[in-house]
Amino acid sequence: KGRLFIPAELRKDLGNEIICARGIEKCLYIYPNDEWIKIVDKLNTLSFTKKTNREFSRMFLSGAYKRQIDNKGRINVDSVLIDYSGLKKECIIIGVGQRIEIWDKDEWNKYYNERQSILEEISEEIEFDI
């Protein structure tokens, strides 16, 4: 039906108004409105004369929809985003820093299983102390 329940522990930092957008991989991103404004501001600093900047901004921003979280903790997800992400009946909702990602359950399992074995390898490329 295009409605998605956001768990309370993830919902508490979102506020009532959120942005639901196409993710980089085959998932959806949900941002609190203030975080979305920061992203748009950063995108606005990119040079519009570079084709890749224009294309990324165009595709990323055109797939973003402002939504309200209803009193039952649900949002309406547009059919365009459902089609893009391949969401079916079951989905996985994960917190990733300042955003939430929504994955079709089968897509997430495939993604996770493919990358789980290379976590150590990926961690070598990340430069920060924990």
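# Reading the terms in a predicted model

Colleague: Why does E114 count as partly exposed?

Modeller: The structure is a predicted model, and in it E114 has a relative accessibility of 44%. Buried means under 20% and exposed over 50%, so a value in between is called partly exposed. E114 is therefore partly exposed at 44%.

Colleague: What makes E114 and R115 a salt bridge?

Modeller: The closest N and O atoms of the two are 3.2 Å apart. The cut-off is 4 Å between a side-chain nitrogen of Lys or Arg and a carboxyl oxygen of Asp or Glu, so the pair qualifies. R115 is partly exposed as well, at 32% relative accessibility. By this rule the count comes to nine salt bridges.

Colleague: Which parts does the salt bridge of D78 and R67 tie together?

Modeller: The N to O distance of D78 and R67 is 2.6 Å. D78 lies in the loop between β5 and α4, and R67 in strand β4, so the bridge joins parts that are eleven residues apart in sequence.

Colleague: How do you know that the buried residues of helix α2 are on the same side?

Modeller: Helix α2, residues 33-43, has E35, W36 and L43 as its buried residues. They cover an arc of only 100 degrees around the axis, which puts them on the same side of α2. Their cover includes β2, β3, α3 and β4.

Colleague: Which residues have the most contacts inside the largest nonpolar core?

Modeller: They are I6, L14, I18, L28, I30, I75 and I102, in a core of 14 residues. Strands β2, β3 and β7 each supply at least two residues of this core. A second, separate core has ten residues, among them Y29, Y31, L43 and F60. Nonpolar side chains tend to be buried together in soluble globular proteins.

Colleague: What does L28 touch beyond four places in sequence?

Modeller: Its contacts include C20, V77, L81, Y84, L87, I100 and I102.

Colleague: What makes the nonpolar surface patch?

Modeller: I118, I122 and I126 make a patch of about 220 Å². I118 sits in the loop between α5 and α6. Its relative accessible area is 31%, so I118 is partly exposed; a patch residue needs over 30%, and I118 passes at 31%.

Definitions and conventions: Residues are numbered from 1 along each chain as its sequence is written. This is a predicted model: local features need pLDDT of at least 70, side-chain atom pairs count only at pLDDT 80 or more; totals for chains, interfaces and linings use all residues. Side-chain values use heavy atoms; hydrogens and water are left out. Buried means under 20% relative accessible area, exposed over 50%, partly exposed in between (1.4 Å probe, protein chains only). Helices (H or I, at least four residues) and strands (E, at least two) are DSSP runs, numbered from the N terminus. The arc is that of the directions from the helix axis to the C-beta atoms. Contact means heavy atoms within 4.5 Å. A nonpolar core is a set of buried Ala, Val, Leu, Ile, Met, Phe, Trp, Tyr and Cys residues joined through side-chain atoms within 4.5 Å. Patches are made of residues with over 30% relative accessible area and no salt bridge: like charges are joined within 9 Å, nonpolar side chains (Val, Leu, Ile, Met, Phe, Trp, Tyr) within 5 Å. Accessible areas come from the Shrake-Rupley method with a 1.4 Å probe; for residues, only the protein chains shown count as cover.
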